[in-house]
Amino acid sequence: MLVNYDYYVRNYLLGKAPVVPKEQFLYFAMLAEKLVNEATLGKIHDTKHETAIKNCVCNLAELGYIEENDEHKGIASEKVGEYAVSYTGSTNQEYRKKKTNAIREWLGVTGLLYRGG
């Protein structure tokens, strides 16, 4: 694992309250590392851009945690008899876009996303 909970709290959050609970962090960091590894075509261990990669993993871990815990994800409205409710949760597509934007934000200027030869 590139990122542990200590890095997440000390280096990424810099005093902000954690979004991902400690006991769940490694799971979401693992999923985030997989996304970064795919986006960089396997260049996730590039030491020149280590901080950007680690911060991207932390950002994606938070987004993954938020997505999984979004109780109303994708629900536009609900009606039972005369009782009607609308939710404002994000869809899977919106979370995918947020993750793509996070990858671009953290790694866009590193050259790690370059797919040319």
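Tutor: Below, we set each label against its cut-off. Keep in mind that this is a predicted model.

Student: What pattern does the chain follow along the sequence?

Tutor: It reads α-α-α-β-β-α. The chain has four helices and two strands.

Student: Why is α3 called roughly antiparallel to α4?

Tutor: Take the angle. Helix α3 (residues 50–68) and helix α4 (residues 92–107) pack at about 165 degrees, with axes 9 Å apart. Angles over 145 degrees count as roughly antiparallel. Therefore α3 is roughly antiparallel to α4. The crossing of α3 past α4 is right-handed.

Student: Which residues of α3 and α4 make the contact?

Tutor: From α3, they include I53, C56, L60 and L63. From α4, they include Y95, K99, I103 and W106. By class, the contact has 11 nonpolar, four polar and three charged residues.

Student: What makes A39 count as buried?

Tutor: Its relative accessibility is 13%. Buried means under 20%, so A39 counts as buried. A39 lies in helix α2 (residues 22–39).

Student: Which residues does A39 touch, leaving out those up to four places away in sequence?

Tutor: A39 touches I103, L112, L113 and R115.

Student: How much of the chain counts as buried?

Tutor: The figure is 36% of the 117 residues. The accessible surface comes to about 7,700 Å², and 51% of that belongs to carbon and sulfur atoms.

Methods:
Residues numbered from 1 in each chain as written. Predicted model: local features only at pLDDT ≥ 70, side-chain atom pairs only at ≥ 80, totals over all residues. Heavy atoms only, no water. Axes fitted to C-alpha atoms, helices over the stretch in contact; angles between N-to-C directions. Parallel < 35°, antiparallel > 145°, perpendicular 65-115°, else oblique. Left-handed = near helix turned anticlockwise from the far one by under 90°. Contact = heavy atoms within 4.5 Å. Nonpolar A, V, L, I, M, F, W, Y, C, P; charged D, E, K, R; others polar. Buried < 20%, exposed > 50% of the residue type's maximum accessible area, 1.4 Å probe, protein only. Areas by Shrake-Rupley, 256 points an atom, 1.4 Å probe, with all protein chains shown as cover.
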